[in-house]
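Subject: Two-chain model, interface notes

Hi,

Here is the structure you asked about. My notes on it follow below.

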Amino acid sequence: MSLAKSPWIIHVNCNSCNGCDIEVVACLTPLYDAERFGVINIGTPKQADIMVVTGSVNYKNVNVLKNLYNQIPDPKVVLAVGACASTGGIFHDCYNVVGGVDQVIPVDAYVPGCCPRPEAILDGVVAALSILENKKKGNIKGKEVKLKGNEVPSNA
Amino acid sequence: MNDILTIILVLIGAPILGCLASGIDRKLTARLQGRVGPPLLQPYYDVRKLLSKDNIVVNPSQNFYVIVYLAFIILSLLMLVFKQDFLMIIFVYTVASVALVVGGMSTGSPYARIGSSREIMAILSYEPVLILYALAIYLLTGTFKLSALLDASSPLLMYTPLIFIAMIVVLNIKLKKSPFDYSTSHHGHQELIKGMTTEYGGPGFATIEIAHFYEYVFLTGLIFLFWASAPVIGVLIGIIAYLLVIVIDNITARVYWQWMLKLSWTILLVISLVNIAFLYVSGVKLI
């Protein structure tokens, strides 16, 4: 249960419109006070457990996202927050957009909505916690994602 | 035999006390901000989680520096408990601080580098005050040995009130609390991410946290020395000083390092020197 009691998140903004970001930040404000569950928005991936990604992935930041994912120590989970992070949203057919986060790195939980309410994001974090515990129990390691320039994913 | 028992008691008891102190800090900070705040044992949960994670380091020497940091903090705490030479305690403690700085520098990450160089500035500003504190103890008891303080006729605080004020600020610098928290921005996700400790994760970071728990006890111990002849009052003063540091942490914003250097090398150093001059001129002896 040790992981579930102190989930430290790293918040990654991939090309988001800032709508989801301020909702994530709202979770950490005194009103919702995510810290009472032990959640800290930590800045460095090396100390994080949950990667909260907002916004669709584009060719400029695909390597940044992979890099950050690789630097998080196991066990780790990825939480896609918002319609853009889940599927690409209204930007899914833009020429520079790869799509949702799951096109690039494995995503464990989705929080849909444009933009999702802070309650929904906290719900997503709680859902991610049980996945985190299972990964710890099963000793499931996150696969290292290879950095590959601007290659287009097969199903994009 | 009795010494071994004391060592075991310190090794086990100090992190528990430090963990509770850290928990009280987070709870109190949350209450002052109108939040519920994490449970009291949250620092313990954090450390346990960090220990169960993968250890990712940039280079293997990082692990070594962390061990040196922990070992020297424990050593300085043990020397304090066994009432050894105060000057030596300060030197051993400085080695610990420098180990953390070198550990941060060794990673090559810009955040860790800036944090480390800022921590060097912090060491530069609090070290003279600590030395003057040791000098005051020497002038009053005729020896640097802390064991002399126990049979002093009156508490140290009676003759060193100005150094006490300076030591409160040093406590603020050393615990890395606002307004002097820039070497490791302790709330995270600020301009320096986590300062010196940015490149640490998992067990390495947990070791730093455990060392911090020891450090909390050690630094309150330095305040305790001001009233060491009556331990109850001494502990009370230590607790009050710690709570004061938390309150200062919550009512102030971060300052530039230049401000800290100016504050410590003008006001703190001057009031400490005035205190020393008074001790020298009046020739007060506690023994």
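How far apart are the closest N and O atoms in the salt bridge of K53(B) with D49(A)? They are 2.5 Å apart. A salt bridge here is a side-chain nitrogen of Lys or Arg within 4 Å of a carboxyl oxygen of Asp or Glu.

Some ground rules. This is a predicted model: local features need pLDDT of at least 70, side-chain atom pairs count only at pLDDT 80 or more, and totals for chains, interfaces and linings use all residues. Residues are numbered from 1 along each chain as its sequence is written, chains are lettered from A and ligands numbered from 1 in the order in which they are written, and side-chain values use heavy atoms, with hydrogens and water left out.

Back to that pair. K53(B) sits in the loop between α2 and α3 (61-81) of chain B, and D49(A) in the loop between β2 and β3 of chain A, so the pair joins two chains. Helices (H or I, at least four residues) and strands (E, at least two) are DSSP runs, numbered from the N terminus. Both K53(B) and D49(A) are buried, meaning under 20% relative accessible area with a 1.4 Å probe, protein chains only; exposed is over 50%, partly exposed in between.

D49(A) also forms a salt bridge with K49(B), at 2.8 Å between the closest N and O atoms. K49(B) is in helix α2 of chain B. K49(B) is buried too.

The interface as a whole:
- Contact (heavy atoms within 4.5 Å) involves 30 residues of chain B and 27 residues of chain A.
- The buried area is about 2400 Å², with 51% from carbon and sulfur atoms. That is the accessible area (1.4 Å probe) that two parts lose on being put together, summed over both.
- Six salt bridges cross between chain B and chain A. Helix α2 (residues 42-51) of chain B gives the most to the side of chain B that touches chain A, with six residues.
- One of the salt bridges is R35(B) with E35(A), at 2.5 Å between the closest N and O atoms.

Within chain B, D46(B) and R26(B) meet in a salt bridge (3.0 Å, N to O). D46(B) lies in helix α2 and R26(B) in helix α1, so the pair ties together parts that are 20 residues apart in sequence. D46(B) counts as buried at 5% relative accessibility, and R26(B) at 16%. Shared partners join D33(A), E35(A), R26(B), R35(B) and D46(B) into one salt-bridge network.

Best wishes
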